[in-house]
Every structure is written in structure tokens, then in C-alpha cells.
Amino acid sequence: MIYDTVLARSFSKHEQKRLGYWALIACLFIVLSFFTIFKPYLGPLQVLNLRLSMGEDEKLHLYNDTTSSWLIAKEETIDSTLIVNDKRSSQEEAEIMSGALVVNDTDRTHEEAESSVAESIMNISSIVNGTSNSQEVFRESVTQNVKTNDTISSSPQKVKEITSKDDFMVNNTNISLPKATDADAVTKNNKMEPLCTIMGRSDFCEIKGDIRIDGSSYTVFIVSSETDILAAENTSWRIRPYARKGDQTAMGAVREWTLKLVAGGSDIPQCTQNHSVPGILFSAGGYAGNHFHAFTDIIVPLFSTARPYNGEVQFLITNGWSAWIAKFKTILKALSRYELINIDNRKDIHCFGSMTVGLKRPSYKELSIDPSKSPYSIKDFRQFLRSSYSLKKTRAIKIRNGAKKRPRLLIISRKRSRAFTNVGEIVNMAERLGFRVVVAEPGMDVSGFSQIINSCDVVMGVHGAGLTNVVFLPEKAVLIQVIPFGGAEWLSRTFFEEPAKDMNIRYLDYKIRVEESTLIQQYPADHAVLRDPSVIGKQGWLAFQLIYLQKQNVTIDVNRFRPTLVKALELLHQ
């Protein structure tokens with residue numbers, strides 16, 4: 001024993017007792033020193049800027065929790081750990097705790113519009129709030145400082161030159177999200193602030209309070225009765241309220257609006273018209289003149305944004321033009337019980353208690369609604385259209401053996417490009433197979449054409465905006481998309497094949513051969529346009545569009561096409 005062999009021989013019992021007291025004092029001194037030195041690290045822990053990586057197309061929120069951990073525990077809102085008010089996988093929980101911010105680009109699609117160029121599509125993952133028992137402690141609005149179309153950034157992002165067909169599909173565009181600063185409009189008592197949301201294809205801001213719309217300066221004033229707005233006086237956001245962010249050509253044709261947070265005073269515009277219902281401000285700029293883009297960029301997002309109000313919402317349109325408003329008046333009136341306000345350049349000041357600036361695009365995909373990101377689905381949208389346009393047919397005909405009723409085939413014709421040059425031959429062949437055939441070209445009368453297409457069981461047409469009208473088809477109908485020569489398969493798949501399948505429409509396609517293209521009449525047989533379309537693709541989107549989408553018509557080989565119509569008949573038997 002150490003005590004017996006060393007201490008007992010070296011010290012007397014009295015000395016050993018004194019030595020024990022000194023050892024105890026030394027230990028207490030060490031413990032006291034430890035708490036003194038490390039006290040700052042043992043105090044309440046701050047939880048700031050909790051960032052959560054989520055799946056694509058979620059809202060991007062940045063919340064600031066400036067309360068300490070002991071205060072949160074005192075309020076019995078959480079224990080010693082953060083509770084995120086959403087079910088996450090263990091991997092995502094790990095991302096929460098590490099404060100991970102993930103930026104993804106998973107959507108790869110492209111633009112097909114008259115006079116458009118290839119788009120750059122940004123898909124941004126979301127930053128979500130940490131909550132405790134569904135209560136937000138502090139909510140920090142996200143300043144709109146990042147964009148590729150001068151929408152939010154003073155330094156527009158440059159678009160990489162398109163050098164090949166595959167480059168039309170944007171790859172891995174990484175976007176750095178802005179950090180929250182004192183200018184991010186957190187107001188006293190959290191009473192007045194715009195909640196701006198960045199999604200993959202759209203930006204929008206949701207605001208509550210004293211909101212004043214000045215159409216002459218394209219400004220949304222957010223007025224606070226508080227005199228001591230916290231770091232928010234003259235704070236502003238810029239937004240282009242059109243749901244195709246990432247496409248510089250489209251967004252360049254959208255008017256920019258400023259959201260400005262101001263303190264009350266005589267220098268701010270005074271209300272001339274007060275509205276008792278919420279407002280939605282959106283743009284009919286961009287590619288709105290193209291039927292496909294009118295639906296995928298405006299009508300579908302407007303449905304997703306406005307439908308929850310059940311008509312009790314006031315629409316304000318910027319970049320509005322009378323022909324577009326007249327074309328879609330049935331849809332606009334079905335979504336809002338109030339007369340549309342064309343807000344640009346108006347001298348009167350419209351005031352609201354609640355306002356959404358911009359539209360919520362409910363999916364990265366075209367002509368689609370992701371039900372996991374929206375309270376609605378594309379089925380709900382199609383039911384809304386049937387109700388709005390009083391469409392009677394809900395399901396395509398089911399052919400039974402011996403039945404005399406023949407299925408109805410619509411051939412969508414075109415005049416300018418990608419037109420069928422032998423419509424008569426197609427009609428004759430289809431009628432011999434047992435179809436009743438209708439040939440029609442869509443125009444500005446959406447209501448009239450919706451009745452025609454809804455009465456049909458099979459629709460065929462060359463890839464183009466006219467195929468957008470499949471939204472009016474009955475369930476279980478068949479779409480036959482004729483794909484032009486030259487490598488437009490990815491366009492056809494993204495714009496119409498995938499949306500049609502989501503709409504419960506059976507899909508077939510027919511890829512024409514070079515012999516069925518009128519390009520053989522314009523170029524020699526050994527020309528690259530006919531021999532190797534990828535050579536044209538390497539020249540960029542404009543060259544591809546000019547030749548294969550604008551100069552090409554189609555002469556269907558009816559004998560080769562016949563099996564496709566036979567397959568459509570077989571599907572109608574199922």
C-alpha cells in the first residue's frame with residue numbers, strides 16, 4: 001500500500017491531516033477556476049439561422065431564432081434539442097444539425113416558343129424554419145438578391161453559350177443564396193414584414209398589413225404604424241411576378257416591381273381605393289403570348305395561388321394586354337369574383353390588408369402540379385377547367401365489341417409551320433379504321449376549342465403549343481404526338497408526354513422519318529440538316545429552332561402511321 005510505504009514513513013499523522021486539507025482546497029480552487037474561465041461557453045446557447053435542406057420545389061424560408069435555449073425551455077416549447085415541425089429522415093435531420101444548405105439543379109428542360117432562346121433553369125432546394133409546437137419565434141424574410149434575369153441581383157448571371165443539342169438542357173447550375181442582413185426587414189414585434197419565397201421556378205412574396213399599390217411607380221408600399229421599425233426603413237425587394245425564373249429571355253419581358261417597407265408618414269401614397277379581400281399581383285409578360293406558356297407559366301400557377309381563396313381575391317395584372325385578358329377571361333372570372341385591375345401606370349392607390357406578389361409555381365415540371373407541394377393536383381385543375389368551361393365529357397369512350405358508336409379523332413392543324421401537308425389522306429385512312437374525324441386549329445377562342453377537344457377521344461398533332469389543349473380532354477383519352485425530324489424528342493417528352501401521363505391521358509407518339517419532312521425539298525440529300533441534325537444542334541438553340549421547328553412541315557406516310565391509330569383504338573377498348 002502506497003499510504004503505508006510512503007506517506008506513513010514520511011509524515012506524521014498531524015502532518016498527513018494538514019496535507020489532506022490543502023489537497024481539498026486545491027481541488028476546490030481548480031473547480032472554481034474552471035467555471036470562471038469557461039463560463040461564457042456554459043451559458044444559454046444561441047440558435048441562429050437554422051437551415052434545413054429539403055426536397056426540390058419546397059419553399060425557401062429563413063427564420064432567425066434569437067432566443068436562448070434556456071428561454072425556449074422555460075416556455076416549454078422544446079426540450080434541450082430543436083424539434084423541427086416536419087417529418088424528416090435521419091439523413092435530413094443530420095443536415096439540420098449541421099446547418100447544411102444544399103443547392104440542387106435537378107430539373108432539365110427547355111423552351112419552345114416563337115422567337116425565344118434557350119432558358120437557364122435554376123432549381124433551388126429550400127431553407128425551412130425550425131419551429132417549436134408550431135410557433136415561430138422570429139421570422140426573417142428572405143431578401144430577393146439572387147436571380148439570373150436581373151430580377152433580384154444587380155449583377156445578372158451570365159448564361160453559358162449553347163453549343164449542342166444536349167446543352168439545351170441546363171446542367172448543375174449552382175446558385176449561392178443570400179445571407180440575412182440587418183436590411184432583411186425584421187420589424188419590431190414581428191408585426192410587419194413581407195415573407196418572400198424563392199422556389200425553383202418562381203419568386204413570390206406574401207404580405208400582411210397596411211399595403212399600398214402604386215401602379216405609376218410599380219411599387220408595393222408596406223406601411224407600419226410603428227415608428228421604430230427595426231433596421232427596416234426604406235428596405236426594399238425587387239421581384240418580377242412571372243413563374244419562369246431562370247429563363248432570361250422570358251424574365252426580361254416581365255416588369256419589375258419593388259416592395260418597399262416604410263414607416264408611416266405624410267410622404268407615402270394615400271389610399272384612394274380600399275379592398276376588403278386579399279390581392280394577387282401577377283404578370284402577363286414573358287412568353288404569355290404562346291398558348292403553352294400561358295398555361296404552364298401563368299394559368300396553372302395562378303390556379304395554385306388563387307384557388308384557396310374560393311373567389312374572394314382581387315387580381316392585379318402587370319404587363320396586361322387586352323387580347324390576353326379576353327382570351328382567358330373565363331378562367332380569370334372563375335378564380336376571382338372581382339373585376340381584374342390592370343395596374344400599370346394607374347394614378348390611384350389600391351390598398352390591401354393581404355397581398356401576394358408573384359405566383360406559386362406548384363411543380364418544376366411543365367403543365368403539372370405536384371400534390372406534395374400544393375393542396376391541389378393536376379386532376380383538380382382539370383376538374384376546375386371542366387367546371388369553368390361547362391365541359392360535359394369526363395371520360396373517353398370505351399369501345400365494346402358490337403357497339404355502333406365510333407370514337408372521335410381530332411386532328412390539330414397548323415398553318416405557319418409543322419403543318420400536315422396531307423390532311424386529306426390522314427382523314428381517309430382514319431375513317432376507314434372506324435374514327436369520326438374532326439380537323440380544327442386552335443385560336444383565341446379558348447372556350448370554343450375546349451368544347452371541340454373535350455368531345456373527342458383521340459387527339460393527334462405535330463409537337464407545338466396547340467397540344468396544350470389536352471388539358472380539356474376527358475379522362476382516359478389518347479394523345480398522339482407527332483415528333484418532327486431533327487432531335488426534338490426531349491422537347492416533346494418534357495412539354496407534352498410527361499404532363500399527359502400525369503393527367504391520366506394515354507400517350508402515343510409517332511417520330512417522322514426524314515422522308516416525311518418537307519426539309520428534303522429545301523436541302524440536298526447530303527446536307528447536314530438531313531444527314532446529321534446534331535451538327536445543327538451544336539450551333540445553338542436558335543439554329544435548331546429556325547430549321548427544325550419553323551421551316552419544317554410534315555407529310556405523314558399513312559401506311560407507316562396506320563399502326564399508331566390502330567394502337568389508339570386498342571387503348572380505347574381497355
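**View 1. Asp457 is buried, at a relative accessible area of 1%, and its side chain meets that of Lys393 in a salt bridge.** The N to O distance is 2.6 Å, a salt bridge being a side-chain nitrogen of Lys or Arg within 4 Å of a carboxyl oxygen of Asp or Glu. Asp457 lies in the loop between α12 (446–454) and β13 (458–462) and Lys393 in the loop between α10 (378–388) and β11 (408–412), so the pair ties together parts that are 64 residues apart in sequence. Lys393 counts as partly exposed at 22% relative accessibility (buried means under 20% relative accessible area, exposed over 50%, partly exposed in between, with a 1.4 Å probe and protein chains only). This is a predicted model, in which local features need pLDDT of at least 70 and side-chain atom pairs count only at pLDDT 80 or more, while totals for chains, interfaces and linings use all residues. Residues are numbered from 1 along each chain as its sequence is written, and side-chain values use heavy atoms, with hydrogens and water left out.

**View 2. Asp247 and Arg244 form a salt bridge at 3.9 Å, N to O.** Asp247 is buried, with a relative accessible area of 1%, and Arg244 also counts as buried, at 0%. A network of salt bridges links Arg201, Arg244, Asp247, Asp297, Arg361 and Glu366.

**View 3. Arg212 and Asp210 are joined by a salt bridge.** Their closest N and O atoms are 3.0 Å apart; Arg212 counts as buried at 11% relative accessibility, whereas Asp210, with a relative accessible area of 27%, is partly exposed. A search of the whole structure finds 21 salt bridges.

Definitions and conventions
Helix = DSSP H or I, 4+ residues; strand = E, 2+ residues; numbered from the N terminus.
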